Amino acid sequence: MTEPLSAPRLAQPDWITESLALGLAEPGHESLQRRLYRLLRGGIQLGRLPGGSALPASRALASALGIGRNTVLAAYDQLLAEGFLETRHGAGTFVAHHALGQVQQTVRPATATSLSQRGRGLLEQSRGPIGESGAFAPCVPDFEQFPRDIWQGLLQRHQRQAPSHWFNYQDGGGLPALREALCDYLQLSRSVRCQPEQILIVSGAKQALDLIAGLLTDPGDTAWIEEPGYRGAQASLLNAGLGMVPVPVDAEGLDLARAPAGPAPRLIYTTPSHQLPTGVTMSLPRRLALLALAEAQQSWIIEDDYDSEFRYSSQPVASLQGLAQSERVLYLGTFSKVMYPGLRLAYLILPPALVEPFRITQARRYPEGHYPLQAALAEFIAAGHFARHIRRMRELYRARQHCLRDSLAPALDQGLQLSPGESGMHLVAWLPLGSDEQALVGTGERHRVILRPLGRHYLGGQTQAGLVLGYAGVPEAEIRHAGGLLADWLTPFLKET
């Protein structure tokens, strides 16, 4: 496209007309008035029509360009309203002296170095593919097994029957029917202690973490987080400007005895029922010690119970929140694993004193909606569809985990260690420290096998190497094929030990 008004800097009516004619002659989808306006404004902003330049009279310009005078007047009027032009009584129309083009500036394009230090850290934490599926994408449910016919029927009915006020902004913290259904379910299945009024429905776990950090911390406060741990939580707390203190995880979960010395943490983030990514369950002594520490130091515990429904070798472990004698635990749950990630619904169970501040802040910062969707979910839970779906998926995922173990049998015979797999949707294949995880990842990519390195989950120095292998969303035939390939790839790494 012709550059706007590419004529000499000293503007004269003749060259202005010629330049405009060239610009208008090029193909374009906008109206003539809009194109004329853009050409004139571009010339002013680029400094080719300096302040004080006279523009042709509207009648003369219209005649020279072969367009209607009203088109020219409309373009001039828009530029006058925006302050690019000014009129002088009896003299005509001129470029305003304060217009942007009068001061020449060197335009420097924005680059990645324009990000703040915190922004660069957040970007690094956010790298990696989104929406992966297939072997071995971690924490991805089987979408094909979801009872879509039942779900779509509920959605459509509640959409049709929705009262008109549901389509406005909401400030109640979630549909009461959904909070009541959730309360009944969590009290029975997770030994959570709560009333429906303590439940806040949010649009995903990230929004819950943003609310917690925004309302309960100040920049510079300390947050303890599991090492290795969940990258999403790391990114959210980093974005809040918190001092991140990684605390090691061992076979009993978060090891408070190895927490670095320093100020008391304002937040402690943990996944006690099924640690992400190692898969261990926090022991009862560790749970009680954590609760005692939080009470003594007035710290807030974030209990992320992201996939505890899928437990295979024993009954689900009671929640940390249900053990607490005080009110220092904020319980976070999500539907992204038990239903599907695109649902974008999660929930927080809050101590009574925090309910109102969180509700008000959510209503202002993240206006809630989707009440027909929440109504469908409430009925999905109350009618028993949710519990039946979980039971079916529990058996399916158990079988798929066994299939993964069988497919890796050659590597297991050579000393490969896998995480216990008592629950969840992934296993960790432990490798000798110093193993080139990225080489394995690259090999997997060439064969369309997704291998997530354990190193991505460390904030501090990596102390263990491994691969996080998701199996829940993968048919058994694909697990056998990809597992057989992986067993072959692991052989050189295992021989080094």
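Partly exposed, for a residue, means a relative accessible area between the 20% under which it is buried and the 50% over which it is exposed. The model behind these close-ups is a predicted one.

**View 1. R344, a positive phi in a loop.** With a relative accessible area of 45%, R344 lands in that middle class, so we call it partly exposed. R344 sits in the loop that links β10 and β11. Its phi is about 55 degrees, a positive value even though R344 is not a glycine. For context, most residues other than glycine have a negative phi.

**View 2. C139, a positive phi in a buried residue.** Here phi is near 60 degrees, again positive and again in a residue other than glycine. Look for C139 in the loop between α5 (117–126) and α6 (148–161). At a relative accessible area of 15%, C139 falls under the 20% cut-off and so counts as buried.

View 3. Most peptide bonds are trans. The one joining E227 and P228 is cis, with omega about 0 degrees. P228 lies in the loop between β5 (222–227) and α9 (231–239). The bond from L276 to P277 is cis as well, with omega near 20 degrees, and P277 belongs to the loop between β8 (267–270) and α10 (284–297).

**View 4. Helix α14 against helix α17.** The axes of α14 (385–407) and α17 (476–495) come within 8 Å and cross at roughly 30 degrees, so the two helices are roughly parallel. The crossing is right-handed. On the α14 side the contact uses A399, R400, C403, L404 and S407; α17 brings E476, I479, R480, G483, G484 and A487. Sorted by class, that is five nonpolar, three polar and three charged residues.

**View 5. Helix α16 against helix α17.** α16 (437–446) packs on α17 at about 165 degrees, axes 11 Å apart, which means that α16 is roughly antiparallel to α17. This crossing is right-handed. L440, T443 and G444 of α16 meet W489, L490 and F493 of α17. The contact has four nonpolar residues, two polar and no charged.

Note on methods
Residues numbered from 1 in each chain as written. Predicted model: local features only at pLDDT ≥ 70, side-chain atom pairs only at ≥ 80, totals over all residues. Heavy atoms only, no water. Axes fitted to C-alpha atoms, helices over the stretch in contact; angles between N-to-C directions. Helix = DSSP H or I, 4+ residues; strand = E, 2+ residues; numbered from the N terminus. Parallel < 35°, antiparallel > 145°, perpendicular 65-115°, else oblique. Left-handed = near helix turned anticlockwise from the far one by under 90°. Contact = heavy atoms within 4.5 Å. Nonpolar A, V, L, I, M, F, W, Y, C, P; charged D, E, K, R; others polar. Buried < 20%, exposed > 50% of the residue type's maximum accessible area, 1.4 Å probe, protein only.
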